[in-house]
Amino acid sequence: MSGVNLSGIVKAYGALQVVHGIDLTVAEKEFVVLVGPSGCGKSTTLRMIAGLEEITAGDLTIYGRRMNRVAPKDRDVAMVFQNYALYPHLNVADNMAFGLRIRKMPKDEIKTTIDDVAEILGLTPYLDRRPADLSGGQRQRVAMGRAIVRHPKVFLFDEPLSNLDAKLRTQMRAEIKRLHNRLGVTSVYVTHDQVEAMTLADRIVVMNDGRIEQVGTPMELFNNPANTFVAGFLGSPPMNQMKGRLTETGAQVGDAEIKINGSVAGHAGRDVVVGIRPEHVTLTDEGNSSALPINLDLVEPLGSEALLHARHGDDQLVFKADTNGDISHLSGVTSVHVPSHLVKLFDAETGRALNLGA
Amino acid sequence: MSDENTTAGGQPIEDTLIEAREAQRQQLATDGRWVRLIDHFKREWQIYAMLLPTIIWFLVFLYKPMYGLQIAFKDYSIFRGVAGSPWIGWEHFETLFSNDQFIRAVRNTITISFYNLLFGFPAPIILALMFNEVMHATYKRTAQTIVYLPHFISSVIIAGIVITAFSPTAGIINTFVSWLGFDPIYFLTQPQWFRPIFVGTGIWQEAGFGSIVFLAAIAGVNPSLYESAVVDGANRWQMMWKITIPSILPTILIMLIIRIGNVMEVSFELVILLYQPSTYETADVVNTWVYRQGLQSGQYDLAAAAGLFNAVVAFVLVMAANTLSRRYSRTSLW
């Protein structure tokens, strides 16, 4: 049985349609991440699952039950909000108990549940504190605790880590992952951060402009993006994309030819977009026929690695290189070698990935 | 004769040097503070320029008149002036507290203020909570405009409306009373009706306008608190009690402290306009008594003593309310 099923889900505000018929199935115990740029409809979709937004058209089922007209409280979902949504006048224990009291759970059961969940989340010493007396990470844990105590069938996360600093975000990401592995609750998680999506998800749903661009495991999406949007969205830095034209043996990009695995011969002359992941290249200071000549603009050291900003013709490119603690050798880079089996091709007109029999 | 390690005054040279260095350090620190202050004024002068009218208003209308407060302790004569009038100590206060009318006025002031606090203070809060629950935008806007309006009407007109409404011959209230088969009631001449009418009028006039501050506080409540509560299963009633009211509690407490500070300031104009000698028993408040004694009978010194008493009581009340609020709710005016 699927955990959550969206079938032809549409959301419109008057004449303005913001979600255009989404089809998605989230399996039981699966962790699915909706990712996309701001305004792509991911939060609206999540809120429709929660019942905070009305569904204009389509069907939503949770564990087989149609939920379109069911009140949020009866959907058996719990939601973690971006700004935690903790009640400032209540302490941690009361915040976590809020939903249980509303549901008139017996007091001793509430206490046991809260003690158990506080133990899991490391919140036991803070149960008497108010949210204002907690750090960002602790508040986030309380928000998750409030969701967990309900023992819902589905967890909904609406950008829960975006208010945290980078270090804490990494830490909390790992905690969420561990928690999901431990509790095994079906989860739908919204973020605009592709790193969060890659690290947390069993499957990623990339959304753009109210539509799903691609659904798949993180590595499927990373290795085989369905189109230029997904290719440009996932990966840090994202995939380099250059306009080119297919030849008998590869793709002509500016004055260079990039060799490509597969049967491109029959497609010679076709306009394409050539995609190269920044980390897939080998940097070299010796030009040869299979290398892509570049003009190096800038080297950004990141410690163990560095980002190289370069140009090839009119195309702005970014490459990633291991530094081994030294970036002096990078200033002499004049070309990059691109392994032919890692080059991606997209149709120049539609942006869709081309599979030419590699 | 002093030895080489002491000063002429016999103080050890080492101590003198330490003191001199300390004095120099303090002087430098003071100079530094002045320099910083002058720099600050130069940098932010526009803000201080904007503050100036308020400061002038305070000085002219609130601080300068304080000079005249001394007549509460003097046998004041307008011919001798404030400075020339002789001191008489607490005599005016003794006169006040041996005056039955003043004691009655204090009692009336406190009683009316208590009713105002009991019924008048919650009214705008309840109104704001009710407005917050209205979903229909046009209806909400119309209703808000209607309840705000009385605030902008002069107290004289308000009193006129009240007098007309409660008129025993043509008033709508007495028309209704007659429909029920009772004799008309002379509401405004009977002491027992003054307080309900006065407090009710105050609520009618000010509750709508007073609700604005609470509506603003409600608007500031994080919407995800409500969304979270909806997902948790709370209904609107539970959300109001468990989210809205606790969230606006700091605003309520601040407004309450301010209100307590004004306990002795019962709406003077409205009392003057609505009361009459037959209702003095329940209607005469300190301010109206001061008006009659001070301005009409020319006893400015006695009136000043009564005014000072009012101010001291209000000061003590507001301090106490602020301290209690800070201690029990972490909310305070200062």
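Reader: Hi! How do α4(A) and α5(A) lie relative to each other?
Author: Hi! In this predicted model, the axes of helix α4 (residues 136-148) and helix α5 (residues 166-183) of chain A come within 11 Å and cross at roughly 20°. The two are therefore roughly parallel to each other, a label for angles under 35 degrees. Axes here are lines fitted to C-alpha atoms, for helices over the stretch in contact, and angles run from 0 to 180 degrees between N-to-C directions. Helices (H or I, at least four residues) and strands (E, at least two) are DSSP runs, numbered from the N terminus.

Reader: New topic: in what order do the six strands of the open sheet come?
Author: The order is β6-β7-β8-β3-β9-β10 in chain A, with mixed pairing. Strands pair if DSSP finds at least two bridges between them. At the edges are β6 (77-80) and β10 (211-216) of chain A, each pairing on one side only. From one strand to the next, the twist averages 20°.

Reader: How many bridges join β7 to β8 in chain A?
Author: Five bridges join β7 (residues 154-158) to β8 (residues 186-191) of chain A, and these strands run parallel. F157(A), for instance, has Y189(A) as its bridge partner in β8(A).

Reader: And which strands does α4(A) lie across?
Author: α4(A) lies across β6 and β7 of chain A, at about 175° to β6(A).

Reader: Thanks! How are residues numbered?
Author: Residues are numbered from 1 along each chain as its sequence is written, and chains are lettered from A in the order in which they are written. Local features need pLDDT of at least 70, side-chain atom pairs count only at pLDDT 80 or more, and totals for chains, interfaces and linings use all residues.

Key. Parallel < 35°, antiparallel > 145°, perpendicular 65-115°, else oblique. Contact = placed C-beta atoms within 7 Å.
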